[in-house]
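Please look at the sequence and the structure first, and then read the notes below with both in view.

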Amino acid sequence: ELIKFKEDSGNLDPPSNTLLYKWVYSIRRKYRDMKEDKHVSGLDQQKIQRLDEIGFSWNSVKENRKQRKIEVLVQETKPKAKPTISKKELRWNELFEQLKTYKEENGNFTVTRHGSTLGRWVSSQRLAYRKFKNGE
């Protein structure tokens, strides 16, 4: 009956107002009792294996939702690793900010190349862009 329910509904969680639900609930309870080394009748390793083979979940939908919520909370509380930025990238970002300031103050990107770190950097960015466009 459980296999037919799965074929019809696509899951193994029958509605709570059915006899099949009561049977599934009792199987899950018996399984939990077995895990706690309590004496259980009507459920053995062969039946457990057969249920596993059809994808039976030993937790109810409610328990699965609760477990997923716990997993999400654990993920959210894990400290996030700070991305490491190389010195080269830090320097690029610093010069980029300088270029933005230059643009605000001068209204253009015409930075003189000679005698200026920013000018040399802009020149090297333009060269890198040209090489990129040419497929180099």
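**Salt bridges in the predicted model**

Lys-38 and Glu-36 are joined by a salt bridge whose closest N and O atoms are 3.2 Å apart, where the term stands for a side-chain nitrogen of Lys or Arg within 4 Å of a carboxyl oxygen of Asp or Glu. Across the whole structure, a search finds 5 salt bridges. This is a predicted model, in which local features need pLDDT of at least 70 and side-chain atom pairs count only at pLDDT 80 or more, while totals for chains, interfaces and linings use all residues. Residues are numbered from 1 along each chain as its sequence is written, and side-chain values use heavy atoms, with hydrogens and water left out.

- Lys-4 and Asp-8 form a salt bridge through their side chains, at 2.9 Å from N to O.
- Both residues belong to helix α1 (residues 2–9), where Lys-4 and Asp-8 are 4 residues apart, about one turn of the helix; helices here are DSSP runs of H or I with at least four residues, numbered from the N terminus.

- Arg-28 meets Asp-13 in a salt bridge, with 2.8 Å between the closest N and O atoms.
- This pair links distant parts of the chain, since Arg-28 lies in helix α2 (residues 19–35) and Asp-13 in the loop between α1 and α2, 15 residues apart.

**Exposure of the partners**

- Arg-28 is buried, with a relative accessible area of 6%, and buried means under 20%, exposed over 50% and partly exposed in between (1.4 Å probe, protein chains only).
- Asp-13 counts as partly exposed at 27% relative accessibility, and Lys-38 is partly exposed with a relative accessible area of 46%.
- Lys-4 and Asp-8 are both exposed.

Methods: Helix = DSSP H or I, 4+ residues; strand = E, 2+ residues; numbered from the N terminus.
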